[in-house]
Amino acid sequence: MAAIEQIAANRSFGGWHRRYRHTSAVLGCDMQFAVYLPPQVEQGERLPVLYWLSGLTCTDENFMQKAGAQRLAAELGLVIVAPDTSPRGAGVPDDPDGAWDFGLGAGFYVNATQQPWAAHYRMYDYVVSELPALVEANFPVTAQRSISGHSMGGHGALVCALKNPGRYQSVSAFAPISNPSNCPWGQKALGNYLGPERDSWKAWDTCELLAQASERLPLLVDQGEDDSFLAEQLQPEALQAAAERVGHPLTLRRQPGYDHSYYFIASFIDDHLRHHARALGRPG
Ligand SMILES: N[C@@H](CCC(=O)N[C@@H](CSC=O)C(=O)NCC(=O)O)C(=O)O
C-alpha cells in the first residue's frame with residue numbers, strides 16, 4: 001500500500017481538514033487529495049465516507065474551501081474525501097492549446113484508451129478503486145461509501161455509481177453533465193480520451209448507463225435555472241427522459257435563480273449531506 005504524506009491540516013468544526021500527497025500507481029504520478037475528518041473520529045468512531053468529485057479546472061481545494069460542508073458533516077459524522085480532477089505533474093500531457101475544458105483539471109472520471117492520454121488519464125479507476133483503498137487503509141473509516149459531485153464531477157459521480165452496483169450507498173449531483181455524448185465538453189473529452197468511435201462513449205454516459213442499470217439507486221440532482229452552461233452542456237432534460245424511460249428513481253430539483261457556482265452548491269449541500277447520511281445510517 002502506497003504511503004501518504006500530510007501536507008496541510010486545519011481545525012474545522014471540531015474535526016480536521018487535512019491534505020495529503022501520495023504516489024498513484026493507477027495514474028502514474030503524484031496526486032493530492034483532501035479529507036474532512038469529523039470530531040467523532042477522535043472519540044474512536046469509524047465513519048462512512050462521502051466522495052466528492054469536483055468539476056472542470058478544480059483541485060481538491062475548491063469544494064473544501066467553498067461548499068461549506070464541514071459544519072453539517074461534523075454533526076452527521078461523515079468523512080468527506082475530495083480528490084483532484086486529473087493526473088498532474090511532469091510527463092502528464094495537457095490540452096495542446098492549453099484549454100481549460102480538457103487535459104489537466106479535466107480528467108472526466110474515465111479511463112482513457114487513446115494515446116497520449118492512456119498512460120495517465122485513468123481517473124475512473126483512481127476514484128473508484130485506488131483512492132478508496134488508500135483511504136480505507138489509512139483512516140478510521142468503514143467500507144460504507146457515497147458519492148457526489150459537481151458538473152464534470154456530477155457526471156463522474158453518477159457514472160461511478162451506475163457502473164458499480166452495491167459499491168455506493170447513495171449518489172447525488174449538482175448540475176451534472178448528464179449526457180456527455182451529446183454536449184461539447186463531453187464530446188471533446190470522450191473523443192480524445194476514448195477515440196472517435198461513439199459506441200465506446202456509451203459506457204461513460206449516464207443517459208446510456210441508466211438504460212442498463214441493474215441497481216435502481218435513487219438519484220438526487222440539483223440544477224440551477226440560471227446556470228450559464230445549462231442548455232448547451234448539462235441537459236438535465238436528457239437525464240429526466242432517460243430516467244423516465246426505465247423508471248429509474250430521480251429527484252431533479254430545478255432551483256430558480258441559481259447559477260453554476262459554489263454559491264449554488266453551498267446553498268443546497270446540506271440537503272445532499274442529509275441524503276447521504278440517511279443512506280449511510282448516520283443519525284440526524
Ligand atoms: N474557468 C472557466 C470556468 C470553469 C468553471 O466554471 N468550472 C466549474 C466547474 S464547470 C464543470 O465541470 C468550477 O467548479 N469551478 C471552480 C470554482 O471554484 O468555481 C471560465 O473561465 O469560464
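pLDDT is the predictor's confidence in each residue, on a scale from 0 to 100. What you have above is a predicted model, and its protein has a mean pLDDT of 98, with 100% of the residues reaching 70 or more. The model scores are ipTM 0.97 and pTM 0.98.

Let's start inside the protein. The largest nonpolar core holds 83 residues, and Val79, Ile80, Val81 and Val127 touch the most other members. Helix H3, residues 123-138, supplies the largest share of this core, with eight residues.

Now turn to the active site. The unreviewed UniProt entry places this feature at Ser151, Asp227 and His260. These residues span 110 positions in sequence, yet no two of their C-alpha atoms are more than 10.8 Å apart, so they gather at one spot.

Ser151 sits in the loop between strand S6 (141-149) and helix H4 (152-163). Ser151 has 25 other C-beta atoms within 10 Å, and 20 or more make a residue buried, so Ser151 is buried. Beyond its neighbours within four places in sequence, Ser151 is in contact with residues including Gly55, Leu56 and His260.

Asp227 is found in the loop between strand S8 (219-224) and helix H7 (230-234). Asp227 also counts as buried, with 21 C-beta neighbours inside 10 Å. Setting aside residues up to four places away in sequence, Asp227 touches Ala175, Leu234, Asp259 and His260.

Finally, find the ligand. Of the 13 residues around the ligand, Gly55, Leu56, Asn62, Ser151 and Met152 come nearest. By class, this shell has five nonpolar, seven polar and one charged residues.

Methods. Residues are numbered from 1 along each chain as its sequence is written. This is a predicted model: local features need pLDDT of at least 70, side-chain atom pairs count only at pLDDT 80 or more; totals for chains, interfaces and linings use all residues. A nonpolar core is a set of buried Ala, Val, Leu, Ile, Met, Phe, Trp, Tyr and Cys residues joined through C-beta atoms within 7 Å. A residue is buried if 20 or more other C-beta atoms lie within 10 Å of its own, exposed if 12 or fewer, and partly exposed in between; C-beta atoms are placed from the backbone. Helices (H or I, at least four residues) and strands (E, at least two) are DSSP runs, numbered from the N terminus. A residue is near a molecule or strand if its C-beta atom, placed from the backbone, lies within 6 Å of it. Ala, Val, Leu, Ile, Met, Phe, Trp, Tyr, Cys and Pro count as nonpolar, Asp, Glu, Lys and Arg as charged, and the others, Gly among them, as polar. UniProt positions are given in the numbering used here, feature names are shortened, and annotations may be inferred rather than shown by experiment. Two residues are in contact if their C-beta atoms, placed from the backbone, lie within 7 Å.
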